[in-house]
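Biologist: Before I rely on any of the labels, could you take me through them and set each one against its definition?

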Amino acid sequence: MVRYNFPEYQIELEIDEEVYFPSEDTFFLINSLEIKHDYSLIYEIGGGSGIITIALAKQNPKIRFVVTDISYKAAKSIDVNRRLNGINNQIDIVCMDKISALKRKSPNLIIWNPPYLPKDTESELLSNYEKLTLFGGKEGYEEVYELIDYLKKNNFKTTFLTLFSSLAWDTTKFSKDIEFKILNTTKFFFEKLYVVGFIFSDNNVK
Ligand SMILES: C[S@@+](CC[C@H](N)C(=O)[O-])C[C@H]1O[C@@H](n2cnc3c(N)ncnc32)[C@H](O)[C@@H]1O
C-alpha cells in the first residue's frame, strides 16, 4: 500500500492498487454534499479507500457512519484509513453487497459513488476489480436502480445521493412515485456527471 496526502480534506490515505483511487468523480461528489448539523447517521456504499466517509467524519465529529464495500480489499483499506486518521470509533465498516445487511431504515443520508458506466465488449478485457468499480451493468445504471427498488420496497425513509453519467441517464426507468432532484452537474472529457438526490419518505414510499 502507498500513502497519499489529500490536503483539501486534511486526510491521509493508504491505497491498495486494487482499490479505487479517488478521482474527479469522488471529489465532485464530496464537494457537492451538504451535511446538516442535526444529522446523526450516514451510510456510504462502495467506500473504496474510505475517502468520502473519512472526509465527512472529520468535519462532522458527532455523526456516526456505516460504510460498506463489496470488495474485501476496499473494506480493509477503509479500516486502515479510519485508524490512520484517528476516527476509528466514528465509523463502522461492513463488507457486503450495497446495504443488504443493515437494519436501520432511516439514516439521514445514503451516499454512493457507484460504478456507473455502461459495459461494452472491451470492458470484458478488464480485471474484476476494474469491472466492479466502473461498470454498473449493460446500460450503466442497473446497480443504482436495484438499490432504489430495494429502498422503496423496504420502506426506507432517507435521502439517497448518487452520481450518474450522461452515458447512462434514463429517468423513464424510475418508478413514477420516486421524487428526485439533480443537485449538481459538471462536464468531463466525454460525458456529463450529475449528482442526483432521491427522496424516500412516507409520501412516496408505498
Ligand atoms: C467508483 S468506486 C468509488 C470508491 C470511493 N467511494 C470513491 O468515491 O473514491 C465504486 C465502489 O463501489 C464498490 N462496489 C461496487 N459494487 C458494489 C456493491 N454491489 N456493493 C457495495 N460496494 C460496491 C466498488 O468495490 C468500489 O469501491
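Modeller: β4, helix α3 (residues 72-84) and β5 form a right-handed β-α-β unit. This is a predicted model, in which local features need pLDDT of at least 70 and side-chain atom pairs count only at pLDDT 80 or more, while totals for chains, interfaces and linings use all residues. Residues are numbered from 1 along each chain as its sequence is written.

Biologist: Why is this crossover called right-handed?

Modeller: A crossover is right-handed if, with the strands pointing away from the viewer, the path from the first strand over the helix to the second runs clockwise. The unit of β4, α3 and β5 is given that hand, and so is the one made by β3, α2 and β4.

Biologist: What makes β4 and strand β5 a pair?

Modeller: Two strands pair if DSSP finds at least two bridges between them, and five bridges join β4 to β5 (residues 91-95), the two running parallel; Asp69 stands opposite Cys95 in β5. β4 also pairs with β3 (residues 41-45) in the parallel sense, over four bridges, and there Glu44 has Val67 of β4 as its bridge partner.

Biologist: How do you know that β4 is mostly covered?

Modeller: A residue is buried if 20 or more other C-beta atoms, placed from the backbone, lie within 10 Å of its own. Five of the six residues of β4 are buried, and the strand is therefore described as mostly covered.

Definitions and conventions: A residue is buried if 20 or more other C-beta atoms lie within 10 Å of its own, exposed if 12 or fewer, and partly exposed in between; C-beta atoms are placed from the backbone.
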